[in-house]
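Hello,

Here is the structure I said I would pass on. My notes on the ligand sites follow below it.

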Amino acid sequence: MSARLDHVATEAAEGSTEALVGLRQQRVRQILWILIASFSLLAVMNVASGHYTGAVLEGLAMLLLGIGQWRNASGASAAAARLALGTMLVVLVALMAAGEGLMDEVPIAYPALLIFAGMFGSRRLLVLATAVMLASLVAMALWHSNTVSQALSDPPLQRLVVLSIIVCVTMIFLLLVTGDVRHLVRDLEAETAALAQSNARITELAYYDELTGLPNRTMAKEHLRQLLLQLHARDARPGASVVVIFIDLDHFKTVNDSLGHDVGDELLREVAQCLKASLRPSDMVAHLSGDEFLVLLGPLDEGDTAVSAVARLMAQLAPSFMLHDMQMHVTGSLGVCVAPQDGDDVDTLLKKADLAMYEAKASGRNAFRFFDPRMDVNMLEYLQLASALRTAVEKGEMQLHYQPQLDLASGCVTGAEALLRWQHPEMGWVSPARFIPVAESSGLIHELGSWVLHRACADLRGFHDQGLAHLSVAVNVSALQFRRGHIDYKVINSLAGHDLPPGAIELEITESVLVDDSEKLDTALERLHAAGVRIAIDDFGTGYSNLGYLQRHAVRRLKIDQSFTRAMLESERADGIVHAIIEMAHCLRMEVVAEGVEDAATLARLKEAGCEFGQGFYWSPAIPAREFAAFAKARLPEPAAATLTA
Ligand code: C2E
Ligand code: MG
Ligand code: MG
C-alpha cells in the first residue's frame, strides 16, 4: 500500500517538475527568438551602413542561436541556454573588438546577458560570465591603447571602471536575487511534494481498499465506465465485449465466526492476491466489501470467451491456503454478465452480475452462472417474498400444521412432524419449499425458527394436557440455525418453559448440517443429546454420501426421503435403497421413519422391510393442531387409550 502511495506521490511531484521544465523551455525559446530577431535587425542595419564584418558576426550569431533553438526544442534547454550565452559573449566581444572597443555601445548589453545567465544557468556560470566580461573589458582597454599606461589613463580607465562596476553590481544583485528565488523554488517544491503526498493519500482512501490493497467499488465503477466508453468508441473493434464477474466466497462467514476476524482478513488478502495473479495486467480485480470481489475483463476480442476467464478464476480459488497452520479450502460463487449484450451502463451490469451470482449460490455454491433475463424476474419475486416474510409472523399469517407419524406395526399415532404454513393475504398459501430458502438467505430463518419452536412446544403442551402425553413433535431445523442460532439453548429453554420432557421434541436436520465438522456443531449436538432431545436425519439418502457423521453423533432416527418411498414399488433401485437404509439404520441401532407413504401397497412393503414408522398422505397431510389432536385420539396406543378412557 505505502509503495503505491510513494509511487503516486512521486508521480505527482514529477508532474510539477515537468511543468517547471516546460516553462523553462518556453522561456528559452522566446528569448532565443528575440535575440535572433534583434541580430537580424542589426545585421540589416550593418549591411545598409557598409559594416560587413559586424553583419557577418551577427549572421554567425543567428546561426548558433538557431542551433540553440533546435537543442531547446529537443529538450536540452540548459545546453541551449549555455550555447546562447557563449555565442552572445563571443559575438559581443568580437563586435566590440571590430567596433570602437571600450567606447563601443556593445557593453551596454552585458547586464542583459548576465540576467540571462542568472535565469538559466548556475551561480558558477553567472560568476564565470562576469569574469569573461571583465576580462573582455580589460582586454579592450589594452587593445585600443598602445601601452598599459595609456590604457590606464583617462578616458578608457574611467570607462573601464564604470563598465566593470555596472557588470559587478549586476552580478551581485543577480546572485542575491537568484539565491532568493532558488530558495523559494526549493520551498515550493517541498510544498508541492507534501501536497502530492496528501493528494495520493486521499486518492488511496477514496479508490483503494485498505485491507487487500485492491481497487474499491468506486474505482471499479469508474474503470467499468472507461471500458464501456472504449467499447462504444468509434475505433472500437467490432464484436468486442466487456465481462463483469461478481465473486462471492462460499461460507466465508463460517471462517470469520469460527476462526476469528484476523484469520478471515488474512484469507481475504490471500484470495485477493490469487485472483490478481490469474488476470492480465489490463484486467481489474476489486474488493467490493466483505467476501465480495469484482473482476472486470476487457475489452475482449470476439474470439476471447468469458468462459475460459471464469474457469481460470474458479481454478485459482480451488487450491487450499495455509493459514495459521490450517489448511483452508475456499470456493466461490461467480455471477457473470457481458456488455454490450446484457446492458451498457455500469449500474445495470453490476446488478445483473450480482443476480447471476445469487443464482450460482442457490445452485449449491462453487459454481458460476451467466446472467439470464429470467433472473431479473426471480430476484423481484425474491425481494417481494423476503419483504412479506419479514412481517408475516407479526401479522399472524404463519401457522404450524402437524403431519401425523404412525407406528407401522400398530397403526397408532406416535407423534407428528410440525410443518410451517404461510397464508399470505394476496399470494394465498405459499409453499415452504418457496419461502424457507428465502428465509435462510435473508437471515429471517432465526426469527421464524424461534417462532416454530415456541409454537410447537405450546401445542405439544396442549396435546399432553388433553391426555396425549405419549406424543412427540418433530421440528425441522435449518443448517443456519445450528451454525449461528444457539439452537441448543433455545430448545432446552423452550422445553423447560412449557414443562415438557426433553424426549417430546425431535429435531429434524439434514445431512448437510452434520457434515460440517465444526466444534460448535459438536458441542450443540452433545448438549442436546445430554438433555435428552432426539435428533433425526431428514431426507436421508439425498445429501452427502460420507456416513462418518453417523458414527460421530448420537442420531436417533433416519427419515427415508419421500422420493425413495414413493418410487419403491415401481423401481427396484428405489426399493433396494429403502431396504439398505433400513438395514443400516438397524445395525447402528437407529429407528426409521418413511416419509411420503401414499398407499397401502407401499405401507405393506415398508412393514415387510422392517420400517418402524411412517408419515404420508395415505393417513393425512399436515393439519392444524386441533384436527391433529382429534386424529391422534382416534389412533391411540394401548396404554394411552386406557389412561384416556379412565
Ligand atoms: P420435509 O421436512 O422433508 O417435510 C416433508 C414434506 O413432504 C412436507 O412438505 C410434507 O407436506 C410433504 N409430504 C408429506 N407426506 C407426503 C406424501 O405422502 N406425499 C407427498 N408428495 N408429499 C408429502 P412441505 O410441508 O411442503 O415442506 C417442505 C419442506 O419445507 C420440508 O421438507 C422442510 O424441509 C421445510 N420446512 C417445513 N416446515 C419447516 C420449518 O418449520 N422449519 C424449517 N427449517 N423447514 C421447514
Ligand atoms: Mg422434515
Ligand atoms: Mg423430509
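How many Å apart are the magnesium ion (ligand 3) and the magnesium ion (ligand 2), and which residue coordinates both? In this predicted model, the two ions are 3.9 Å apart, and the residue that coordinates both is D538.

D539 has a relative accessible area of 23% and is partly exposed.

On to ligand 1. It is surrounded by 21 residues, and the closest are Q403, D538, Q562, E598 and F617. By class, the shell around ligand 1 holds 8 charged, 7 nonpolar and 6 polar residues.

- a polar backbone atom of F617 is 2.8 Å from an oxygen atom of ligand 1;
- a polar side-chain atom of S478 is 3.2 Å from a nitrogen atom of ligand 1;
- a side-chain N or O atom of E595 is 3.3 Å from an oxygen atom of ligand 1.

The protein buries 83% of the 790 Å² that ligand 1 exposes when taken alone. Two or more residues of the shell come from each of β9 (413-424), α14 (432-442), β13 (534-540) and α21 (562-567). The largest share, 4 residues, is from β9.

Regards

Terms used
Residues are numbered from 1 along each chain as its sequence is written. Chains are lettered from A and ligands numbered from 1 in the order in which they are written. This is a predicted model: local features need pLDDT of at least 70, side-chain atom pairs count only at pLDDT 80 or more; totals for chains, interfaces and linings use all residues. Side-chain values use heavy atoms; hydrogens and water are left out. A residue is near a molecule or strand if one of its heavy atoms lies within 4 Å of it. A polar contact is a pair of N or O atoms within 3.5 Å; within protein, one must be able to donate a hydrogen and the other to accept it, and residues adjacent in sequence count only if both atoms are side-chain atoms. Accessible areas come from the Shrake-Rupley method with a 1.4 Å probe; for residues, only the protein chains shown count as cover. Ala, Val, Leu, Ile, Met, Phe, Trp, Tyr, Cys and Pro count as nonpolar, Asp, Glu, Lys and Arg as charged, and the others, Gly among them, as polar. Donors are N, O and S atoms within 2.8 Å of the metal (3.2 Å for Na, K and Ca); water is not among the atoms, so sites may look incomplete. Buried means under 20% relative accessible area, exposed over 50%, partly exposed in between (1.4 Å probe, protein chains only).
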